[in-house]
Structures are given as structure tokens and as C-alpha cells.
Amino acid sequence: MDFIIALIREYGIGIVFLNVLIEQLGAPIPAFPVVMVTAAIQTTVAQQWALLGVAVGAALIADCVWFMLGRRYGRRVLSRICKISLSPDTCVQHTESLYLKWGAKSLLIAKFVPGFASIASALAGAVGTRTSVFVVFDGLGAVLWVGAAVLLGSLFETAVEDLLAVLAQLGQWGLLLLVLGFAVFIARRWWSRYLELDTDSEWA
């Protein structure tokens, strides 16, 4: 556990970049808590501005990939996103309804809604949203999302460090708790998708 904390102190910004990029590409690996913990550990103003910029950049890269895929392949790409992210297939209908109602403005809150960010980006491309409009609203949404994580990490710096200290004292047991928590998160996402598919098969 001490090794992980030292790794975050040394390479936290790089870890955040990869984590945000992978999550926004659809993998069920939560990035918000990692950004928050990194912000609590890397406390200088320069570090936190760098963290904000890197995380926003990673999110924009991933979102632009989905935007271009949506523009090229249309709505066919949406079901693929749900399968990658383990989100229920109904997330497509919910996202489409929300996006068609609010347009590109919905991108401002997309990253705060589970299963929405990647689909909203692909849908924006599929429905022909202008690239400049997409980049502006998606960029602002990424700033709000990352900024919230950095702010929470800064505000609860002491609490986060205390928690990390407890996990470090637990040693391998602390690492096991983190792995177990992640496994529970994945299992819940998988179970939600399984129930959704099971319900769809009953109505088929």
C-alpha cells in the first residue's frame, strides 16, 4: 500500500491521465476518486492546475474519439459503448432522450451521470452536432467534472490522507480492501446489465 501511495505522489498526473482516458473510452474503471485522491496528495497550486489540465485533456481525447466514431458510424456505435462499459442497454434510450431535449448543453453534466459521457459524445457525432459546439460544451463539462474532483480532494485533504494512512497501516489487507471494493463495483455493474438483458429476453 505504501508503494501505491508513493506511486501516486511521484506519477499521479500520469496515472490520472491514463485512468481518465480509459474510463472515458468506456472501461468500467472509475476515475473521479483517483483524481480526488491525487489532488489530496499533490497539494501545490501548480500540481493541481497541471492535474486539472491533464485530466481535462484526457477526457477530451476520449470524447473526441467517440464523437468521430458516432459521426462516421451513426447510432450503430451506441450499443457497442454499452457493452464495453457494462451499462444497461436502456442507457442508449435515456441518453438519446436527454440529448435530443437539451442538445449540446447536456454535455455540461454528462460526466456526472453514470453511463452517459461516452454515449453522449457518440450521439453528438451521430446527430450532426457541429465539432466546434461539441468541443466547447464537452470541454466545459470536463472542466466542471475534473474541477469538482480536484476541489473535493483539496477540501478533504486531511480526511483522504488519514484514510490512506489507515490503509497503509493495514498493508496487504488495505490493498485487498481496495481490490475488493473495485470487484464489488464491477460486479454491481455486471449484475445491472444482466438483469436488464434478462428483462429484455422475457419481453421478447
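## Aromatic pairs

The model holds two aromatic pairs, where rings of Phe, Tyr and Trp (its six-membered ring) pair if their centres lie within 6.5 Å. Planes under 30 degrees apart count as stacked, over 60 as edge-to-face and the rest as tilted. This is a predicted model: local features need pLDDT of at least 70, side-chain atom pairs count only at pLDDT 80 or more, and totals for chains, interfaces and linings use all residues. Residues are numbered from 1 along each chain as its sequence is written, and side-chain values use heavy atoms, with hydrogens and water left out.

## The tilted pair

Phenylalanine 32 and tryptophan 145 have ring centres 6.1 Å apart and planes at 50 degrees, so they form a tilted pair. Phenylalanine 32 belongs to helix α2 (residues 32-41) and tryptophan 145 to helix α7 (residues 131-155), so the pair ties together parts 113 residues apart in sequence. Helices are DSSP runs (H or I, at least four residues), numbered from the N terminus.

Phenylalanine 32 is partly exposed at 22% relative accessibility, while tryptophan 145 is buried at 4%. Buried means under 20% relative accessible area, exposed over 50%, and partly exposed in between (1.4 Å probe, protein chains only).

## The stacked pair

With centres 4.3 Å apart and planes at 15 degrees, the rings of phenylalanine 67 and phenylalanine 134 are stacked. Phenylalanine 67 sits in helix α3 and phenylalanine 134 in helix α7, so this pair ties together parts 67 residues apart in sequence. Phenylalanine 67 is buried at 4% relative accessibility, and phenylalanine 134 is buried at 0%.

## Isoleucine 61

Helix α3 (residues 45-73) also contains isoleucine 61, which is partly exposed with a relative accessible area of 43%.

Methods
Helix = DSSP H or I, 4+ residues; strand = E, 2+ residues; numbered from the N terminus.
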